[in-house]
Amino acid sequence: MSPVIILITIAAYFAVLFLVSYIAGRNADNAGFFSGNRQSNWMIVAMSTIGAAISGVTFVSVPGMVQGAGFSYMQMVLGFTVGQILVAYVLIPMYYRHNLTSIYQYLENRFGITTYKTGAWFFFVSKMLGASVRLFVVGSVLQLLVFGPLGLPFWLNAIFTVGIVYLITFKGGVKSVIWTDLLKTCCLILSVVLCIVFVMRSGVSFDGFSSSNMSKTFFFDDPNDGKFFFKQFLAGIFLVIATTGLDQDLMQRTLSCRNFKDAQKNMITGAIMQIFVIFLFLVLGWLLYTYAAQTGVSLDGLKGDDVFPFLATGSYFPVIVGVLFIIGFIASAYSAAGSALTALTTSFTIDILNKKDDKTARSRSIVHASMAVLMAVCIYVIWILNDDSVIQTVYKVASYTYGPLLGMFCFGMFTRMQVRDKWLPLVAVLAPVITWVLDANSAAWFGGYQFSHERLILNALLTFIGMLLLAKRTSKTTKIN
């Protein structure tokens, strides 16, 4: 597939996207940018959330992990569903009850300004790194298919990639994000379904699917294995609570619904839809690896993240498969990145700069541009350092950076104790450091046990214990519960 066809496909897609973004955000004020004026339809939000949750990382990494991990990812997806139910019925009513624009304002009301700022900074680092890793996937694929063949450097690629995200979101914020993500979700689901259809038309069938190691879903035999069911399932629950329920990005669109009942319907609907969409990606991965094995296509030297792009844009299938891959990939990648950039702008403006009035349009614009520049720099650094499967990198980063947030919110919701607020940053830094030390030495210290995504649970537990040690020995109750 030539770079010219790819560029034409991308240009046509973005022309439609910019039109939707302009129409959705042309009259947006600060309230529209930050919260969508609390007027979003819950079904539209649910559909758009799929586009944000299924990022470009998922689009290329999930099919690519099938050969090494089978369908074990579905164990985590089942945990995601339980986690989203908990978010819907525990966190969302609380956020609406206190009319929060930034969810980290809860920490200020509950503990004090230092805890509030600590939570905001941890979100900032978490989301900036996570969004940069996800956009790095976009840059890597574009470098492979477009920029590399044209002899253009990756730094120009990074500027282009982030520049598109900035242009989509700088005016309308969350209002634009919701409607453009609806378009992206439709393109994403349509592309993966049609890719499956065209791959099957090439002669691949589901014969041998049930007996294949690549289709194995549940792993109960070895607790030390990273694919062990309870590791994956529990990690999925807590990852969603942390990276969705305690994440300004996904909560920002949810909090744009008219009331908490609509927000709950949005969350549950999105959880159910996500199960089927992720399963489709795993099925596609099985078909791609089976096709390669049956036709003798060599995948030697390719990372799992490169298999789908390599086969879809090569000469192995009709050109339409490559076009569908580009549309679905760009749709999924820019969906997640657009909402992330909007959430970073919201949190930094409100939580860190403390600009909470209605006259923050200029500050918001400067912050939005600054976040885009910083994201481009992060992408370039990741390009230099990358040496791992990207989806694993995303979850590993999340387990270290979202752990303190999860610990802080749990302490606030499940106890009535106050803490010595000024010492909270020390606890929030020590918890991931201790987690990293235990993770690095777990095999030697714990009889061969290896941590997987349960690092997040350990990290949150250490934060919770640290806050217990900082608890004030008074009878004072909380302001928010």
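Buried means under 20% relative accessible area, exposed means over 50%, and partly exposed lies in between (1.4 Å probe, protein chains only). The structure here is a predicted model: local features need pLDDT of at least 70, side-chain atom pairs count only at pLDDT 80 or more, and totals for chains, interfaces and linings use all residues. Residues are numbered from 1 along each chain as its sequence is written, and side-chain values use heavy atoms, with hydrogens and water left out.

**Exercise 1. Describe the protein chain as a whole.**

Solution. 
Step 1. Count the elements. Helices (H or I, at least four residues) and strands (E, at least two) are DSSP runs, numbered from the N terminus. The protein chain has 20 helices and 0 strands.
Step 2. Check burial. Of the 481 residues in the protein chain, 59% are buried.
Step 3. Check the contacts (heavy atoms within 4.5 Å). Among contacts with a separation of 6 or more, 85% join residues 24 or more positions apart.

**Exercise 2. How do helix 6 and helix 13 run relative to each other?**

Solution. 
Step 1. Recall the method. Two packed helices are described by the angle between their axes and the distance between the axes. Axes are lines fitted to C-alpha atoms, for helices over the stretch in contact, and angles run from 0 to 180 degrees between N-to-C directions.
Step 2. Read the values. The axes of helix 6 (residues 73-97) and helix 13 (residues 260-295) come within 9 Å and cross at roughly 170°.
Step 3. Apply the cut-off. Angles over 145 degrees count as roughly antiparallel, so helix 6 and helix 13 are roughly antiparallel to each other.
Step 4. Sort the residues at this contact. There are 20 nonpolar, 5 polar and no charged residues.

**Exercise 3. Is Lys 127 buried or exposed, and which residues does Lys 127 touch?**

Solution. 
Step 1. Locate Lys 127. Its place is in helix 8 (residues 113-147).
Step 2. Classify Lys 127. Its relative accessible area is 9%, so Lys 127 is buried.
Step 3. Name the neighbours. Leaving out residues up to four places away in sequence, Lys 127 touches Ser 132, Asp 247, Asp 249, Ala 340, Leu 344 and Tyr 402.

Methods:
Angles under 35 degrees count as roughly parallel, over 145 as roughly antiparallel, 65 to 115 as roughly perpendicular and the rest as oblique. Ala, Val, Leu, Ile, Met, Phe, Trp, Tyr, Cys and Pro count as nonpolar, Asp, Glu, Lys and Arg as charged, and the others, Gly among them, as polar.
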